[in-house]
Structures are given as structure tokens and as C-alpha cells.
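Biologist: Could you take me through this chain? I would like to begin with the overall picture.

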Amino acid sequence: MTAQPPDPEPEKTRREPGGGVSPGDTPPDSAQTSGLSHPQPMPSKAMPIAWLILIGVLVVLASGFVVALALGWLKLG
């Protein structure tokens, strides 16, 4: 069960002339719990770069293998 926020119900709020409310009729603002409790660490930029380099090397090797097969430099079977 979650607690209800301390916002006032409009039908129970007494209005003064001019549209204001009497002092003490409104509770304090609702608490905000959506923020972080501590700063998040910055992720390293080295691993994404290493993965990009590894993928690039694999693409070059695979395309070189396909070109070598197409030109007849490699014989399979």
C-alpha cells in the first residue's frame, strides 16, 4: 500500500475573499522521490572503442576471405 501525497482536497479547502486560502489550510509540498541518491559513475569509453575495432577487424577478415575465394586464391574442398 502506498501512502497518499499530502496534497489538499479542493472541496475541503476554505477559500478567502479574492480566491486565496487561509494560512495553515494547505500542507507542505509533496515529497519528490524520483531523483538519484548519488551521482552515477561515468562509463569507460575504452570498451566501446575496443569492440568497434574488433568488429572492424572481423569485417575486413571476412571480406578478404570472400574476395580470396572469388578470385580463386583459396581452394576449399
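**Overall picture**

Modeller: Buried residues account for 4% of the 77 residues in the chain. Please note that this is a predicted model.

Biologist: What does the secondary structure of the chain come to?

Modeller: The chain has 1 helix and 0 strands. Its accessible surface is about 7400 Å², and 67% of that belongs to carbon and sulfur atoms.

Biologist: Which residues does the "transmembrane region" annotation cover?

Modeller: According to the unreviewed UniProt entry, that annotation covers residues 49-74. The span is 88% helix and 0% strand, with its end C-alpha atoms 32 Å apart.

Biologist: Turning to the surface, which residues form the nonpolar patch?

Modeller: The patch consists of M47, I49, W51, I53, L54, I55, V57, L58, V59 and L61, which together have about 1000 Å² of accessible area.

Biologist: Take I53: is it buried or exposed, and why?

Modeller: I53, which lies in helix α1 (residues 46-71), is exposed because its relative accessible area is 54%, and exposed means over 50%.

Definitions and conventions
Residues numbered from 1 in each chain as written. Predicted model: local features only at pLDDT ≥ 70, side-chain atom pairs only at ≥ 80, totals over all residues. Heavy atoms only, no water. Patch = residues over 30% accessible without salt bridge, like charges linked within 9 Å, V, L, I, M, F, W, Y side chains within 5 Å. Areas by Shrake-Rupley, 256 points an atom, 1.4 Å probe, with all protein chains shown as cover. Salt bridge = Lys/Arg side-chain N within 4 Å of Asp/Glu carboxyl O. Helix = DSSP H or I, 4+ residues; strand = E, 2+ residues; numbered from the N terminus. Buried < 20%, exposed > 50% of the residue type's maximum accessible area, 1.4 Å probe, protein only. UniProt positions renumbered as here; feature names shortened; annotations may be inferred.
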